Amino acid sequence: MSRIYEALQKAESERKQDPAPTFEAVEQPPAHAAVAEFEPEAQYEHPQFSVSTEDMPRASVGGLTFEGIAKHSWKPSLDKLPAMMDRGPSVEQFRSLRSRLNEARDIRPIKSVLISSGMPQEGKSFVASNLAVSLARHKGNKVLLVDGDMRRYTIHEMLGTSPSPGLADYLSGKAAIEEILQRSDEPADQGLNRSPLAGLAFIPGGNGGDRAADLSGSPRFGELLRALAPIFDWIIIDSSPVLPVSDAVNLARSCDGVLLVARGNVTRYPVAQRAAGELRGSNVLGFVLNAVHEAPQVGNYYGYNQGYAGRE
Ligand SMILES: Nc1ncnc2c1ncn2[C@@H]1O[C@H](COP(=O)(O)OP(=O)(O)OP(=O)(O)O)[C@@H](O)[C@H]1O
Ligand SMILES: [Mg+2]
């Protein structure tokens, strides 16, 4: 993580020297850059959680296959899902993030990856959904995208589908796995092309509301991932920011890895540092630097006179 940290730290010190610029979380044209840097040797622990679920139905997906998942009519928003396009900078950046994840997987088995960040609006849902689409477009992968932000669930809006029943309903014992899973009803073959959503399945957030913190600590989440792992190549889980609420830290305990998002010109270095600290009990794979127009140049870190994120 050190290079992304250094980049954030440098931006932070530039900000202190020049108080004039204000940084806004504006919508940028879909030149959405996502740069990942991994620290595959990070310490890995799985602390146990104990919440009684004796009365709840057990997770069971006996005989469930990807093809058996219920089809829903999705109306995806291309603005929010640039990874669905055939080409473009976002397609390239998410492809590169996908390659980095595959490399991390060569070092140790990774299937479930939680996406989080320190604060709201840094681009967690954007990165989670576009990464899932990018992974699903590759080599016939089967990918599950889970909206693990049970307070401010938004991924159903990006896919243009219903928000419930979802994860919160399953974790509270009100819905079975089969009821919360959905996939697109769009035909997989579209002329010469395969639909970019053909390999994607989705679990919406459901409405966790005030119970989200308790629900995220339920062992049913780990059971869900274990039950579904055999039918997916990747499971990508969006989550809430780690500094204001504990939900993501709870969910991360059941995941194989965590990717943290930092937003270019917005995320401050201490925020990124504290976010990584909150997740020290999990396998933090690295940072995704989101919404920068140009990736930091390697030369920046070796004293060459180039600016960070496209500034000369
Ligand atoms: N790289 C990007 N380029 C342009 N717009 C982006 C980019 N990343 C995120 N956005 C936009 O910024 C806003 C916040 O992004 P997003 O919802 O992904 O953040 P979040 O971290 O999930 O927020 P929350 O903490 O509220 O769940 C959205 O309108 C999203 O479309
Ligand atoms: Mg979000």
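Q: Which elements make a right-handed β-α-β unit here?

A: Strand β10 (residues 257-263), helix α10 (residues 269-278) and β11 make that unit. Helices (H or I, at least four residues) and strands (E, at least two) are DSSP runs, numbered from the N terminus. As for handedness, look with the strands pointing away from you: the crossover is right-handed if the path from the first strand over the helix to the second runs clockwise.

Q: Before we go on, what kind of model is this?

A: This is a predicted model, in which local features need pLDDT of at least 70, side-chain atom pairs count only at pLDDT 80 or more, and totals for chains, interfaces and linings use all residues. Residues are numbered from 1 along each chain as its sequence is written, while chains are lettered from A and ligands numbered from 1 in the order in which they are written.

Q: How many helices and strands does the protein chain have?

A: The chain comes to 10 helices and 11 strands.

Q: How do β10 and β11 pair, in the parallel or the antiparallel sense?

A: Two strands pair if DSSP finds at least two bridges between them. β10 and β11 have 6 bridges, in the parallel sense. To find one by eye, go to R263, whose bridge partner in β11 is N290.

Q: Why is β11 described as largely enclosed?

A: Burial is a neighbour count. A residue is buried if 20 or more other C-beta atoms lie within 10 Å of its own, exposed if 12 or fewer, and partly exposed in between, with C-beta atoms placed from the backbone. In β11 (residues 284-290), 7 of the 7 residues are buried, so the strand is largely enclosed by the rest of the structure. For the protein chain, buried residues make up 45% of the 312 residues.

Q: Which residues of α10 are buried?

A: They are V271, A272, A275 and A276. Seen down the axis of α10, these fall within an arc of 135 degrees, so they line one face of the helix. The arc is that of the directions from the helix axis to the C-beta atoms. On the face of α10 turned away from the buried side you will find the exposed residues P270 and G277.

Q: What are the buried residues of helix α8?

A: In α8 (residues 220-228), they are R220, F221, L224, L225 and L228. Their arc, viewed down the axis of α8, is within 145 degrees, so they too line one face of their helix.

Q: Which way do the residues of β9 point?

A: W234, I236 and D238 point one way, I235 and I237 the other way, and all are buried. With 5 of its 5 residues buried, β9 (residues 234-238) is largely enclosed by the rest of the structure.

Q: Which strands run parallel to β9?

A: Strand β3 (residues 112-116) is joined to β9 by 4 bridges and runs parallel to it, with L114 opposite I237. Strand β4 (residues 143-147) is also parallel to β9, through 5 bridges, and there L144 stands opposite I235.

Q: Which residues touch the most other members of the largest nonpolar core?

A: A nonpolar core is a set of buried Ala, Val, Leu, Ile, Met, Phe, Trp, Tyr and Cys residues joined through C-beta atoms within 7 Å. The largest one has 75 residues, and A132, V143, L145 and I236 touch the most other members. Helix α3 (residues 124-136) gives the largest share of this core, 8 residues.

Q: What does L145 touch?

A: Two residues are in contact if their C-beta atoms, placed from the backbone, lie within 7 Å. Not counting residues up to four places away in sequence, L145 touches A128, S129, A132, I155, L200, F202 and I236.
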